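User: I have a structure open and would like to go through it with you. Can we begin with the ligand site and then move on to the sheets?

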Amino acid sequence: MSASELPAILGGTPLRPEGPPAWPGDCPEVSDALNACLSDGSWGKYHGPNCEALIEQLNTFHDVSETILCASGTVAVELALRGVRVEPGDEVILAAYDFKANFQNVLTIGAVPVLVDIDPTNWQLDVSQVEAAISDKTKAIIVSHLHGGWVPMQSVMELAHRLGISVVEDACQATGAILDARRAGTAGHVGVLSFGGSKLMTAGRGGAVMTNQPEIAQRIRLFTQRGNEAYPLSEMQAAVLRPQLDRLDGRNNARWDSVRQLSKELKQLTSSQGEPVLRTLIDAYPKDDAGRPAFFKVGLQYDIARSTGLSRATFSDAMRAEGIAIDSGFRGLHRIHSKRRFRSVGNLPNANVCDEHILVLHHPVLLDDSDSIRQIRVAAERVFSHAEAINKRRMP
Ligand SMILES: *Cc1c(COP(=O)(O)O)cnc(C)c1O
C-alpha cells in the first residue's frame with residue numbers, strides 16, 4: 001500500500017475494497033445463545049431466564065445493586081431523568097456538544113435544557129462552567145463520555161453534592177470503560193447504557209439504567225410498569241447480550257491497543273509547519289491502572305488550516321471512499337435548536353470548535369489487525385497528497 005497511488009474518490013482502487021469491517025462480526029457464542037432461545041422457546045415468551053440472568057451479570061460487572069433493562073439508550077436517558085424526579089419546568093444541564101436525543105429527552109419531560117461549553121483539553125463537558133449554569137430550577141445534569149474521552153466524575157460528583165443536583169451518567173459510548181477505578185456509568189446517581197446496533201454491546205436495539213439507590217429504581221419501575229412493561233427489552237435480546245458482556249473487557253483492551261497505535265500513526269501526518277493534521281485525545285486518556293477508555297467512536301480533531309485545504313466533509317468523503325468508516329461528529333446542540341428551547345452559559349466557543357472540527361472513526365476496525373490501523377494513516381496520506389485534484393474534481 002502506497003500513499004502516492006490515486007485515491008478512490010478520484011477513481012483509484014480503494015485501500016479497503018471490501019469496505020469497513022462489519023459490526024456486529026461473527027460471534028459463535030451469539031449463535032449458541034440464539035439456538036438456546038429456539039430450543040427452550042424463550043424467543044417467543046414474555047418472560048424467561050435471559051433478562052434475569054443479564055441483570056445479574058450487569059449488576060456484578062458494574063458493581064451496582066439495580067439494573068433496569070429497557071428498549072433503547074434514548075429511553076434509558078428519559079427513565080434516568082424521571083428516576084431523579086425531573087419534572088416539567090425544571091432545568092437540566094448538559095454539554096452543548098452531546099448526543100441529540102439527550103437534549104430531546106429533556107424537552108420530552110417538559111424540562112428546559114441548559115447548555116454548558118466543552119473543555120478544549122478533552123472535548124467533554126467543561127465541569128468548571130457547570131456552576132454558572134445553576135438556577136433555583138436546576139434538578140439534574142446529564143454527563144456523557146464521548147468519543148473515547150471522559151468527564152472527570154469525581155469533580156462532577158463533588159459539585160453535584162454541594163449544589164444539590166442529581167447526576168445522570170451517560171455511558172452509551174463508553175460501556176465497560178474504567179474511570180477512577182470504577183466502571184463508566186456507576187459514578188453518577190444513575191447511569192445509562194445503550195445496546196443499539198452500532199454500540200459496543202449490541203442487540204440491534206436496547207438499553208439499561210443502573211443505580212445503587214433503590215428509590216430511583218423504584219420510581220423508574222413505577223413509570224415503566226403499566227400492568228405491562230412499557231419499554232421492554234426482550235428475552236431474545238437479553239440472550240445475545242450476555243455472551244457479549246463476557247467478551248467486553250477483552251475487546252475493549254484490543255480496541256485500546258489499536259487506538260494507541262493509531263495515535264502514533266497519525267502523529268506522522270503533519271502540516272508543512274510540522275503540526276499534526278489529525279489529533280486523537282491520546283494525551284487526555286488515562287495512563288494508569290485506575291483507568292481504561294472504551295471506544296465506540298475514536299474522536300479526531302481535524303484542522304483544515306493544517307491540511308492541504310480539504311474541508312472536513314471532503315476529507316471524510318475521500319476516506320470513506322477508501323473504505324475507512326470516518327464521519328463528522330455531532331452538531332452543536334445550540335446550532336440545531338431554536339434559542340427559545342434552551343438556556344446557555346456564554347456563547348459556547350469550544351462547542352463550536354467541536355461542531356466544526358471533530359471527526360469520528362467507528363470502532364469495528366479497532367478489532368482488526370495492526371495492518372488495518374496502518375491503512376488508516378496511508379489512506380489519509382493518499383488523500384492529502386492529492387488534495388488539490390480532489391478539490392477540483394467534477395462532482396458526479
Ligand atoms: C447511542 C447513544 C445513546 C442512546 O442511543 P440508542 O440508539 O437510543 O440506544 C445515548 N447517548 C449517547 C451519547 C449515545 O452515543
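**Ligand site and sheets**

Analyst: A nitrogen atom of the ligand sits 2.7 Å from an N or O atom in the side chain of Asp 170. Keep in mind that this is a predicted model.

User: What do Gln 173 and Lys 199 have within reach on the ligand?

Analyst: An oxygen atom of the ligand in each case. For Gln 173, a polar side-chain atom is 3.0 Å from an oxygen atom of the ligand. For Lys 199, a polar side-chain atom is 3.1 Å from an oxygen atom of the ligand.

User: And how much of the ligand does the protein bury?

Analyst: The protein buries 88% of the 380 Å² that the ligand exposes when taken alone.

User: Which residues are around the ligand?

Analyst: They are Ser 72, Gly 73, Thr 74, Phe 99, Leu 146, Asp 170, Cys 172, Gln 173, Ser 194, Lys 199 and Gly 206.

User: OK, sheets. What is the strand order in the sheet of 8 strands?

Analyst: The order is β1-β11-β10-β7-β6-β2-β3-β15, in an open sheet with mixed pairing. β1 (66-70) and β15 (343-344) are the edge strands; each has a single partner strand, so one side of each has no neighbour in the sheet.

User: How does β15 pair with β3, parallel or antiparallel?

Analyst: β3 (residues 112-116) and β15 pair in the parallel sense, over 2 bridges. Val 114 is opposite Arg 343 of β15.

User: Which strands does helix α6 touch?

Analyst: Helix α6 (residues 214-224) packs on the sheet and touches β1, β10 (190-194) and β11 (207-211). The direction of α6 makes about 20° with that of β1.

User: And where does α5 lie?

Analyst: Helix α5 (residues 153-163) lies across β6 (138-144) and β7 (166-170), and runs at about 155° to β7.

User: Now the sheet of 4 strands. What is the order there?

Analyst: That one is β12-β13-β16-β14, an open sheet with antiparallel pairing. β12 and β14 (326-328) are at the edges with a single partner strand each, so one side of each is left without a neighbour in the sheet.

User: How many bridges join β13 to β16?

Analyst: 5 bridges join β13 to β16 (residues 358-362), running antiparallel. Leu 300 has Leu 359 in β16 as its bridge partner.

User: Why is β13 largely enclosed by the rest of the structure?

Analyst: Because 6 of the 6 residues of β13 (residues 297-302) are buried. Lys 297, Gly 299 and Gln 301 point one way from the strand, while Val 298, Leu 300 and Tyr 302 point the other way; all are buried.

User: Which helix lies across β13 and β16?

Analyst: Helix α10 (residues 349-357) does, running at about 50° to β16.

User: Last one: which residues of α8 are buried?

Analyst: In helix α8 (residues 312-321), the buried ones are Arg 312, Thr 314, Phe 315, Ser 316, Ala 318 and Met 319. α8 is followed by Gly 323, with a positive phi near 95°.

Methods. Residues numbered from 1 in each chain as written. Predicted model: local features only at pLDDT ≥ 70, side-chain atom pairs only at ≥ 80, totals over all residues. Heavy atoms only, no water. Pairing = 2+ DSSP bridges. Contact = heavy atoms within 4.5 Å. Axes fitted to C-alpha atoms, helices over the stretch in contact; angles between N-to-C directions. Buried < 20%, exposed > 50% of the residue type's maximum accessible area, 1.4 Å probe, protein only. Near = heavy atom within 4 Å. Polar contact = N/O pair within 3.5 Å; in protein donor to acceptor, adjacent residues only side chain to side chain. Areas by Shrake-Rupley, 256 points an atom, 1.4 Å probe, with all protein chains shown as cover.
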